[in-house]
Every structure is written in structure tokens, then in C-alpha cells.
Amino acid sequence: MNISDIQSLAAFTCVQSEYNDAVVAGGYTSDLLSDVMAHAEEGSVLITIQAHKNTVAVASLVGLPAIIVCNNRPVLDDMIDAARAEGIAIFQTPDNQFQTSLLIAQHLAGCPAR
Amino acid sequence: MDNAQKEPLQSSLRVQELIYGLKISEVMTKKVFAVTRNCTMRDVQTIMKNNSITGVPVVDSRRVVGIVSMNDIMNALEKGAMDDVVTLWMVGEVQTLAEDMPLSFAISAFNKFSFRRFPVVNKKNELVGIITFRNINMALIRELSRQLREMESLHGGPPERSDSLDLVKVYQLHRYDFENGGKASSEIKKFLKERGIPPKIVRQVAVASYELEINLVAHSNGGMLSFDINADRIKISSHDRGPGIADVELAMTEGFSTANEWIRSQGFGAGMGLPNVKRVSDEFAIQSAVGMGTMVRAVINLKKEKKDEH
């Protein structure tokens, strides 16, 4: 599964599309940035409600190619600008973290529930 | 250009960092003149006169129990009480500094208290020295000269290679400046990545430095983060100007945090910062004193033992 595959899913709106289309290696769901830094595997997509510049900084430091912002939390321009500079994709979704994690996990496992 | 004008010169930051990196024991006067409880004010006056000093600690089996300053001598003189024992005129409850504290703590102490000198004690609380601003000025001059000599000897040497790993860089961080917290980490990460350092190590460095940056902006009154990199290891040091941590052991406990709502809204304050830094470091040290500041040093080795690479 690539980042562009996430973009093609109906649940997500892409708000930062100038990304390097990498393979999604896994997912990590957390709203605590220190926790993300400690435990997220490189190449994972970050599922969170934490929508601000620090999230991009952490994603960049740890090597996470995409951020999914849940519950339609607003994504401000400075976050989008920071992500564009780092080539990190940002998606928005009305779903919560649990639903989003499930959806991504199913796609990663190759058995999407429709 | 704008940035260069707002920020102090890198060289002056480096000098500050060098000073901060010194220990109080390296800077203090080791030859201390002290008196015991049964000495008189006249004894102290004689000691001051003969040695051109203005403050004399009072000790009881090497523990500091008070200090007599020029001011106390004047008061005793005025009352014609120079034959009184020192305990009647000294100032008790003396603020002391520990010999293994970083010099930055002493600088904070001079800013916080109006004292002109601090007795320095060892781990057993015994008097081992005394520190005045003069000691700090001397250390500053010494370090400046050393820096200058270093710069001179580098000048005319081979031009810096772009793939060289050697780097000393200092970043200044301000309270609540989340905007710039993270700048240092991403610059250092890029520097290491460009030089082919293994991603696992780059990530360790990035995590340690980002957590320290966030600590500086979220919890300190401001401070600096410095990087000292060579082919063997990456040394990251963080020095701040307070407020200091009351219980370091507690602060190192995962889940403990003093963060306010605003810090939490920024995605931090989960009580994982310092434990995260320790976890990714090969060497870790923290020192803190309330009212003076906190120093954290993290070292990440570049030449790891093979057994570590699993």
C-alpha cells in the first residue's frame, strides 16, 4: 500500500498533496508526540487528532511519510506549509482514530472491507 | 540575514556553552580561609586584612554554619564588639553551592541572590572552596583565550571538508517559543543524514535533541542546546536558566509531568520527554537545582559495539 492509495480512499480528504509517494510500512495511532517519537516505526502513517506544526516536526524526525488527522480537526496553513517543505502528506477524515486505524490496518493486510 | 542580527553570534554562544560546561570545582578558589564558632570578630578582621578578602565562612567540623562579610565587621566595629565570638554577628543559613554543579548554576545563583560569594561544599557537605564573580570572570577570560588560540591554530589549516563529521553548534531557545523548538533537531538530523550516519542512530539523536528542545521551550526560562560531534560520538547538552527541578528522580519517571494545559495542547507533557532522552542515549546525565537551572547531557556513540546492532 502506497500513500497515494490512502488518497484514493473515500474516507480521506488530502490537504497536503505534494508528498513523496512512499510505501506505507505500517501505522501508528497516538496523540502524544513523545510517544510517537518513542515507538512509531519509520515509514508508518500517523493517525492522530494532534493537528499542528509539532506533529509535522515529529513525523519528519521519525520518518513518517503521512499524517491522518481524525475527527475532521482543522488543519492550519502553517502545518500544511511545514509538511509541504518536508514532503509529508496530510489527510483529514471525519472518522475517529479507532475507525481510521481499522481501515488502514485492513488495507495494509490486503483485505479491505468495503 | 535577519536571523543573524536577532541571534547572538555562534561564537559567543559557543563561549557561553564552554563556560556553562565547566564545573564549579574547576573555577572556585580552593584555598578558603574559614573560622570556627569560637573565633572573634577581630580574628576575622585580621584574616580579611591579611588576605585581601571580604567574606569568611564559619565552620563546625568542616560544615558551613555561617558567613561573616565586611558588612558584619562594620556593624560589630560600630558597636565596639570586636571581641564577640563570630556566631553573634555572622549570617547563618548560608546558601552554598555543590562543587559538581555546572557553572551555569552559580551564575543563576548570583542573579537570584544578592550575595557576593557562595561557599562551595562537597557531597559530604564539607567546605571545599568559595566562588565569587571574580572566579567566573577569570574562567571566562581563560576560556576565551583558549578559544582564540584554537581558532588561530585552525586558521591556515586544511579547508573544512564538507563530509567532515566534526561540528560544534549551539542553539538558543526561549520560553514558549514552540515555533523554533525543533529547528536544531532537524538541522542536526539533516547534517548526520548527509554524512551517511545509519538511520537508527540519526533517529536516536533526533529524538534526544527534539525532546530536549521541547523541554527548554515548555519548561525552562530559556536556555541553550549544544551539539558537539566527532567521528566517535554525538554529545548533546542542554543548559537552562531555571526554574530547576525539585525532584529529579520523579522527573525521570515515565508519566510524571508538570506540564500545563497549553503545553499538553501542543502534544507534549505526557511525562515521556526525559525518559525518552535517556532511552536513546548511550550515556545520560542530569543535574538540577531549584532556582538555578537544569543541565542534561546525552551522548550517543557512533561506533557502537556489534552486539548492540540487533
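**Reading a helix and a sheet**

Author: Helix 3 of chain A, residues 53-62, is mostly covered, with 8 of its 10 residues buried. This is a predicted model, in which local features need pLDDT of at least 70, side-chain atom pairs count only at pLDDT 80 or more, and totals for chains, interfaces and linings use all residues. Residues are numbered from 1 along each chain as its sequence is written, and side-chain values use heavy atoms, leaving out hydrogens and water.

Reader: What does buried mean, and which residues of helix 3 of chain A are buried?

Author: Buried means under 20% relative accessible area, exposed over 50%, and partly exposed in between (1.4 Å probe, protein chains only). Helices (H or I, at least four residues) and strands (E, at least two) are DSSP runs, numbered from the N terminus. In helix 3 of chain A, the buried residues include Asn54(A), Val58(A) and Leu61(A).

Reader: What do the buried residues of helix 3 of chain A pack against?

Author: Contact means heavy atoms within 4.5 Å. Their partners include helix 4 (77-86) of chain A and helix 9 (199-219) of chain B.

Reader: In what order do the 5 strands of the open sheet in chain B stand?

Author: Two strands pair if DSSP finds at least two bridges between them. The order is 7-8-9-11-10, with antiparallel pairing. Strand 7 (167-173) and strand 10 (283-289) of chain B are at the edges with a single partner strand each, so one side of each has no neighbour in the sheet.

Reader: How many bridges join strand 8 to strand 9 of chain B?

Author: There are 7 bridges between strand 8 (residues 223-229) and strand 9 (residues 233-240) of chain B. Ser226(B) has Ser237(B), in strand 9 of chain B, as its bridge partner.

Key:
Chains lettered and ligands numbered in written order.
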